[in-house]
Amino acid sequence: MANLDIEQTRNQARALLDSRIESVTELVKTRQRITDLRDQLVAAERDDKRAYVKATRDGWSADELKKLGLEPAAVKRRRSTKRTAETAQDPATANTPS
């Protein structure tokens, strides 16, 4: 049987673990970035809603804002979600009545 060097074996094992730890560390960083960006989006949507309400209180009508391309964010979100759902359907069944 060949002689085994315990230090060399430990060093090899550590090198293998280090690369695995690096990959999971990167995964945690990206997941945290997603969480942070979602939090920022929630805050931005809240600010947008407040700004829209302020604009209507300052005399802008919903129709005027819409003509300027400034629909309420909730309306835009519903429409884009609906469009996404429609395009995800099978084109052959999308136009057939249910």
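Let's start with a pair of side chains: Arg10 and Glu7 form a salt bridge, and their closest N and O atoms are 3.7 Å apart. Keep in mind that this is a predicted model, so every distance here is computed from it. Why can these two partners meet? Arg10 and Glu7 are three residues apart in helix 1, and therefore about one helical turn separates them. An α-helix has 3.6 residues a turn, so residues three or four places apart point the same way. Side chains of opposite charge can then pair when their charged atoms come close.

Asp5 caps the N-terminal end of helix 1, with a side-chain oxygen lying 3.1 Å from the backbone nitrogen of Glu7.

Now follow helix 1 along its length. It covers residues 6–57, which makes 52 residues.

Along the way, look for a nonpolar patch on the surface. Leu17, Ile21, Val24, Leu27 and Val28 form this patch, and together they have about 430 Å² of accessible area. Take Val24 as an example: this residue lies in helix 1, and its relative accessibility of 44% is why it counts as partly exposed, since that class runs between 20% and 50%.

Further on, the pairing pattern returns. Asp47 and Arg50 form a salt bridge, with 3.9 Å between the closest N and O atoms. These two are likewise three residues apart in helix 1, so about one helical turn lies between them. Asp47 is partly exposed at 46%, whereas Arg50, at 55%, is exposed.

Another salt bridge joins the side chains of Lys54 and Asp58, at 3.0 Å from N to O. Both Lys54 and Asp58 are exposed. The count of salt bridges comes to three. Just after helix 1, Gly59 takes a positive phi of about 110 degrees.

Finally, step back to see the whole chain. Its secondary structure consists of four helices and zero strands, running α-α-α-α from the N terminus on. How much of the chain is buried? Buried residues make up 3% of its 98 residues. The chain exposes about 9100 Å², and carbon and sulfur atoms supply 55% of that area.

Technical notes
Residues numbered from 1 in each chain as written. Predicted model: local features only at pLDDT ≥ 70, side-chain atom pairs only at ≥ 80, totals over all residues. Heavy atoms only, no water. Buried < 20%, exposed > 50% of the residue type's maximum accessible area, 1.4 Å probe, protein only. Areas by Shrake-Rupley, 256 points an atom, 1.4 Å probe, with all protein chains shown as cover. Expected span 1.5 Å × (residues − 1). Polar contact = N/O pair within 3.5 Å; in protein donor to acceptor, adjacent residues only side chain to side chain. Patch = residues over 30% accessible without salt bridge, like charges linked within 9 Å, V, L, I, M, F, W, Y side chains within 5 Å. Salt bridge = Lys/Arg side-chain N within 4 Å of Asp/Glu carboxyl O.
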